[in-house]
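Hi everyone, and thanks for coming. Let me put the structure up, and then we can walk through it together.

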2 protein chains.
Amino acid sequence: MNLKTRLEKHRAHLDRHLARLLPPEDAEPRTLHRAMRYSVLVGGKRFRPILCLETAAALGQQTPKLRGLEDLAGALEFIHTYSLIHDDLPALDNDDLRRGQPTCHKKFGEAIALLAGDALLTLAFEILARLRLPDARRRAQIIQELATAAGTRGGMLAGQVADLEAVGRKVSAQQIEAIHRAKTGALIRACVRCGALFAGARGPTLKHLSEYGEKLGLAFQIVDDLLDVRSSSERLGKPTGLDAARHKGTYPGVHGLEESEKIAAELVEEACSALKFLGEDGHVLQALARHLLSRTT
Amino acid sequence: MNLKTRLEKHRAHLDRHLARLLPPEDAEPRTLHRAMRYSVLVGGKRFRPILCLETAAALGQQTPKLRGLEDLAGALEFIHTYSLIHDDLPALDNDDLRRGQPTCHKKFGEAIALLAGDALLTLAFEILARLRLPDARRRAQIIQELATAAGTRGGMLAGQVADLEAVGRKVSAQQIEAIHRAKTGALIRACVRCGALFAGARGPTLKHLSEYGEKLGLAFQIVDDLLDVRSSSERLGKPTGLDAARHKGTYPGVHGLEESEKIAAELVEEACSALKFLGEDGHVLQALARHLLSRTT
């Protein structure tokens, strides 16, 4: 099976599972549940949960047999979606479009969007607390991993604040790297690590996979910056050119387009090198990383 | 030691512990950490964490020996504070004052307040995942308990939406009870249950304590409604009379003042009855419940 088919299969499977994990629309509070379902199910590459599934698969865990692994992957997507909903709010980026559709607050109003984000974060932890794992300490490790990656000490929330505070200021190469590592890299790294932890990884295995996740996470945000400059709004499903218009710190802004592309490509190769220890079992994760460079949405 | 002294001792102790659990102000992102610390440490009755500590104490767990129990209590206060910060935002209640001081968004702006709420919720789960407990399954049970109580299925978020949607509408006695149970009752019940779970409770013990928590939680919100009508803004540290001005559903609005007081008093007595099985060990929890009726802030 080539990568494209494999990704499409994952996506279809995950979409069905996400729909099952979300509260039903006909249960109260309906507006809130509708807003949660809308924001998650409107679409998305599902890159983060796929990364988690493929990491576990590379370590020998076969997805279909492990209901718990799908739940973990779902929780990762909920944390990602919560961050998008809150980021899009008028108090932050004030975005009208996301994944080609009106943002949550455009469709449901600010109050419901705020609470829908809160609800997805809360639901993620509820699912994680219920994860079926042979070792209950592993579950706690996974929860800690994600809370830290989403948190304020080098995690996603730290990145959002740094991003906010960098607007209109001249940022250095070092600063933009730190922002991207926190804003996007930490959660992507955690997706890899959680898949690994789920599969029972420890020691050098976990260390190598963490390195893969770290490099990949930074590369992902650089490619995102590049897409914001190059892609059309129509294809990307959200407005483009906004980073520049908002005077946001970006890799192209600091390093220029060509150099940014080069850095992203190098990071992807470094990520792939970290997987050497897996031999052939690392091929899908490597393909996934290289695929990143050619993504158009 | 009388109840007042006991509560003051708890508060002083908890305030110190909350300050330790929060990220330091001089760590990046400083603005966010300052906002988190401000909102938690500006004051508060610490009713929820005290309820957790006293429940564990009633079951024989002595606080000073159990560092984990204080962490659990801290996480409860963080979840409560996150809900206050988000509730106060312009998109929801648009409140300027809380605990006698400017609300988080008044002091730090909307963007930081939104993220500070997110950060406190995330930190709470990080702390819970780290809880030291002899039985790791208990930890998962506690996390699940809190995520559910804060969530959308009869939990805090369900209550916030129902509250929002009831504005300006005539609510029935049944509806206002459901709103209050969800908005405030679920988390208070969970504080009692988490203290009990921490102490190893199960079966009938857990059932009786849940009933205590449930009655107490509903009574708490009714007293809150009454205070909004009766107390002065100065004493309460937040604007009063707002429920009526906003056409919010309240117990006095549905049942009148006197009847609401009666209902609250009855609920407190029912809560106390549920503790009979504890004998003398239940006296502090009973005193805490009765104290509620005389609270002025």
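Let's start with helix α9 of chain B, residues 173–198, which has 26 residues and reaches 35 Å from its first C-alpha to its last. That is close to the 38 Å expected at 1.5 Å a residue, where the expected span is 1.5 Å times one less than the number of residues. Helices here are DSSP runs of H or I with at least four residues, strands are E runs of at least two, and both are numbered from the N terminus.

Before going on, please keep in mind that this is a predicted model: local features need pLDDT of at least 70, side-chain atom pairs count only at pLDDT 80 or more, and totals for chains, interfaces and linings use all residues. Residues are numbered from 1 along each chain as its sequence is written, while chains are lettered from A and ligands numbered from 1 in the order in which they are written.

Back to the helix. Where does α9(B) bend? The bend is at G185(B), by about 50°, taken as the angle between axes fitted to the seven residues ending there and the seven starting there. Of the 26 residues of α9(B), 21 are buried, so the helix is largely enclosed by the rest of the structure. Buried means 20 or more other C-beta atoms within 10 Å of a residue's own, exposed means 12 or fewer, and partly exposed is in between, with C-beta atoms placed from the backbone. After α9(B) comes G200(B), with a positive phi near 90°.

Now over to chain A, and the loop between α9 (173–198) and α10 (203–230), where we find R202(A). Is R202(A) buried or exposed? It is exposed, because 11 other C-beta atoms lie within 10 Å.

A few backbone details deserve a look. Most residues other than glycine have a negative phi, and most peptide bonds are trans. In chain A, the bond from E28(A) to P29(A) is cis, with omega near -5°, and P29(A) sits in the loop between α1 (3–21) and α2. In chain B, the bond from E28(B) to P29(B) is cis as well, with omega near -5°. R46(A) has a positive phi near 60°; this residue is in the loop between α2 and α3 (47–58) of chain A and counts as buried, with 22 C-beta neighbours inside 10 Å. R99(A) also has a positive phi, near 50°. Its place is the loop between β1 (97–98) and β2 (101–102) of chain A, and with 17 C-beta neighbours inside 10 Å it counts as partly exposed.
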